[in-house]
Amino acid sequence: MRIDPFSLELFISVVQEGSIARAASRNHIAASALSRRIADLESAMGLALLIRSPSGVELTEAGRHAFSRAVSVHDQLQSFAREVQSLSGEVAGVVRLYANASAIVGFLPERLKAFQAHYPLVRIALTEQISDEVIRACMDDRADVGISASGKASGGLESWHFADDPLMVVLPLDHELAALEAPTFSDVLRFPLVALQAGGSLDLLIKERADAARTPLKLSVTVNSFDAQCRMVEAGLGIGIVPTSAASAFAGSHAFVRRPLDETWATSRTLRVHALRKSSRLKAVQALIEALTGPAS
């Protein structure tokens, strides 16, 4: 039996996308060629891995097992390639970086541009995830480096300060809280909120603080990104609590105002860099950690 790694990679992509056509577009390959690769893979294994339909694909029982093993094999091959590249003496290879939205929006573009100017042979594979998933990815060794706002890092991780990112209140121009220099959380709880995606560290923090205050949140709408949150505030659908990084990035218009949230837990919010505790690391991974935890250039 001969199974080539590229076919495994395409099989993983098809499963993740739920569609041969979408996976073909993602991998810049013709759908017919990708379909043939999957058919050859099934032929080599002697089993059907996918159930095909006009709406997409589903895994067979054998396909579910094959997908789990394919992901494991793919990760091992990637690790093998990166370890060999590190022996060349050059800082080169792929670094898997997971980060939450506020890190990506507010800090990473400039940091990564400066890093790649110093290390042009390093490619950063960046994945956006909520903070708790960033921690899990580091613990599972799916991420070489993670950046999150979560304070729940396990003892199996090393953590470093990345950036201060306190919380702010964003308000429509004519909102009564705009007259305050720094509203408190009690002030905010009196009004409908434009909330961010459920399950994220900021969502959980706000709910915990509302529970502690024994005051129910008044949610006007829930969105999945900081820019959508700011746009909803601009439209007058409520007020929002966002990191300073996001407020700065998406407050280009003058249709709302920003005020610091006057709470210790809001002003002390920070982002941290995480990596699995290891006796030694690939040179590219260590270089990225040092670039992210050193002074911003």
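Predicted model: local features only at pLDDT ≥ 70, side-chain atom pairs only at ≥ 80, totals over all residues.
**View 1. Lys278 is partly exposed and joins Asp141 in a salt bridge.** Residues are numbered from 1 along each chain as its sequence is written, and side-chain values use heavy atoms, with hydrogens and water left out. The side chains of Lys278 and Asp141 form a salt bridge with an N to O distance of 3.6 Å, a salt bridge being a side-chain nitrogen of Lys or Arg within 4 Å of a carboxyl oxygen of Asp or Glu. This pair links distant parts of the chain, 137 residues apart: Asp141 sits in the loop between helix H7 (131-139) and strand E5 (145-148), and Lys278 in the loop between strand E12 (270-276) and helix H13 (283-293). Helices (H or I, at least four residues) and strands (E, at least two) are DSSP runs numbered from the N terminus. Asp141 is likewise partly exposed, at a relative accessible area of 32%.

**View 2. Arg96 belongs to a network of salt bridges with Asp141, Asp144 and Lys278.** Arg96 is found in strand E3, which covers residues 93-99, and counts as buried with a relative accessible area of 18%. A polar atom of the Arg96 side chain is 3.5 Å from the backbone oxygen of Arg142.

**View 3. Arg269 and Asp165 form a salt bridge.** The closest N and O atoms of Arg269 and Asp165 are 3.0 Å apart. Arg269 lies in the loop between helix H12 (264-267) and E12, while Asp165 lies in the loop between strand E6 (157-164) and strand E7 (167-172), so the pair ties together parts that are 104 residues apart in sequence. Arg269 is buried, with 10% relative accessibility, and Asp165 is buried as well, with 0%.

**View 4. Arg36 and Asp40 form a salt bridge within helix H3.** The N to O distance between the side chains of Arg36 and Asp40 is 3.5 Å. Helix H3 spans residues 31-45, and because Arg36 and Asp40 are four residues apart in this helix, about one helical turn separates them. Arg36 is exposed at a relative accessible area of 52%, whereas Asp40 is partly exposed at 41%. Ala30 lies in the loop between helix H2 (20-26) and H3, and counts as partly exposed at 43% relative accessibility. A search of the whole structure finds 16 salt bridges.

**View 5. Three strands form an open sheet in the order E10-E7-E11, with antiparallel pairing.** Strand E10 (240-243) and strand E11 (256-260) are the edge strands, each with a single partner strand, so one side of each has no neighbour in the sheet. From one strand to the next, the twist averages 35°. Strands count as paired if DSSP finds at least two bridges between them, and the antiparallel strands E7 and E10 are joined by four bridges. Leu167 stands opposite Pro243 in E10.

**View 6. Helices H9 and H10 lie across strands that include E7 and E10.** Helix H9, made up of residues 201-212, lies across E7 and E10 and runs at about 130° to E10. Helix H10, made up of residues 226-234, lies across E7, E10 and E11 and runs at about 145° to E10. Axes are lines fitted to C-alpha atoms, for helices over the stretch in contact, and angles run from 0 to 180 degrees between N-to-C directions; contact means heavy atoms within 4.5 Å. For the setting of these views, the chain has 13 helices and twelve strands, and its C-alpha trace spans about 70 × 50 × 35 Å along the principal axes. Of the 297 residues of the chain, 42% count as buried. Among contacts between residues at least 6 apart in sequence, 73% join residues at least 24 apart.

Methods: Buried < 20%, exposed > 50% of the residue type's maximum accessible area, 1.4 Å probe, protein only. Polar contact = N/O pair within 3.5 Å; in protein donor to acceptor, adjacent residues only side chain to side chain.
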